[in-house]
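Here is a short briefing on one protein model. It covers a sheet, aromatic contacts and nonpolar cores.

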Amino acid sequence: MSRASSGSSMPSADLNSVPTLEQFIITRREQFPQATGSFSRLLRDVSVAAKIINHNIRRAGILDVLGETGTVNVQDERQKKLDEIADRELVRALRRGGECCLIGSEEQPETIPMSPDAKAQERFAVFFDPLDGSTNTDVNASVGTIFSIYTLPEGVQPDDALGVALRPGSEQVAAGYVAYGSSTMFVFSTGNGVNGFTLDPGIGEFLLTHPDLRIPEHGARYSINEADREDFVPELRDFLGWLKRKDPETGARIRSRYIGSFVSDFHRNLLTGGIYMYPATADHPEGKLRLMYEANPMAYLVEQAGGRASDGHRRILDIDPDALHQRTPLFIGSAPLVEAAEAFLQGREAEGTAR
Ligand code: P6P
């Protein structure tokens, strides 16, 4: 049980009783086979950008960072000022850190090649959604940052790196997100489980508050935008009908929660159990979520936490990417719920009660 969920508050004197993010990575080095100095420094660089982004978000009404930039990004979405700030801070932190040789961002039409420092022991490619759910920023609702890390073979030139980096999500070496909610949390995995850190603004450090996170098998919440219901295939409507039925034994019924920020819905479902769905719709026939920097990193995390992620027919992490900004339908969360969704979508009956 995480310290936070046990309800125990942490007297300030005990702040030193739990590791910071950087201490965690260094002291558990044996669990991070790729945790060369370069990898630890790369995670530090992402966490530094997260703190700066958090600083801007927490003062959004005070600093002139609300509203739109007046530009449209490569996704044909109106860009928010905080989108631009988050993207800029992540690029700056990774460039300054010198560990990364390729960046792919939701906000950038093309990848950004970088010349890693000569001292860099590894070649990393980082893909990120700098501010997921940014339409929420002007209404003080929660948002997030999502990142995905691949290693690149020695000797690859930055200009050739994208072709080398566009690999299935199963080849990620790390992935994570930052949830800017009632507190700011940094949640990541390097393939040995999922750990959550909460930012203590008083000392400017992410502290380990949610060790070894596992997604509950039985989901309490489902997330989907039911305004698109008319676009859903009949099999999905049948699944939703099945999902919402009363439990014959307890009379309980799953509850709907849809925040408008994938990171926030995902994070809640990771802690309480549940399923997030963004299927193909009329406006997004390929699905809305982007494979390389939204679906893949979260699929990596959910599988590390015992959950499942699918496009309804294929495991997300098995999809062979064709393009940086390609989209995918997404069903992600507690394994029994995702398996039931797949069974309906594939015309198979769902076994038993998945809830
Ligand atoms: P809709 C944010 O733009 C996002 O990519 C996800 O974070 C969020 O769950 C979804 O889109 C919301 O999209 O079409 O329901 O408004």
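Five strands build an open sheet with mixed pairing, in the order 12-11-13-15-14. Its edges are strand 12 (255-256) and strand 14 (308-310), and each of these pairs on one side only. Keep in mind that this is a predicted model.

**Sheet and the helix across it**
- Strand 14 runs antiparallel to strand 15 (residues 330-333), and three bridges join them.
- Ala309 stands opposite Ile332, which belongs to strand 15.
- Strands of a sheet pair through backbone hydrogen bonds, parallel or antiparallel.
- Helix 5 lies across strand 11 (221-223), strand 13 (274-278) and strand 15.
- The angle between helix 5 and strand 13 is about 155 degrees.

- The structure holds 15 aromatic pairs.
- One of them is Trp242 with Phe344, a tilted pair at 5.7 Å centre to centre, with 45 degrees between the planes.
- Trp242 sits in helix 5 (residues 234-243) and Phe344 in helix 8 (residues 335-345), so this pair ties together parts 102 residues apart in sequence.
- Trp242 and Phe344 are both buried.
- Arg245 places its charged end over the ring of Trp242, 4.5 Å from the ring centre.
- One aromatic cluster is formed by Phe24, Phe147, Phe186, Phe188, Phe197 and Phe206.

**Nonpolar cores**
- The largest nonpolar core has 41 residues.
- Ile149, Phe186 and Phe188 have the most contacts inside this core.
- Helix 2 (residues 37-58) supplies the largest share of this core, eight residues.
- Another core, of 30 residues, lies apart from it and includes Tyr177, Val194, Val263 and Val302.

Conventions
Residues numbered from 1 in each chain as written. Predicted model: local features only at pLDDT ≥ 70, side-chain atom pairs only at ≥ 80, totals over all residues. Heavy atoms only, no water. Phe/Tyr/Trp six-rings, centres within 6.5 Å; stacked < 30°, edge-to-face > 60°. Helix = DSSP H or I, 4+ residues; strand = E, 2+ residues; numbered from the N terminus. Buried < 20%, exposed > 50% of the residue type's maximum accessible area, 1.4 Å probe, protein only. Lys NZ or Arg CZ within 6 Å of the ring centre and 35° of its normal. Core = buried A, V, L, I, M, F, W, Y, C linked by side-chain atoms within 4.5 Å. Pairing = 2+ DSSP bridges. Contact = heavy atoms within 4.5 Å. Axes fitted to C-alpha atoms, helices over the stretch in contact; angles between N-to-C directions.
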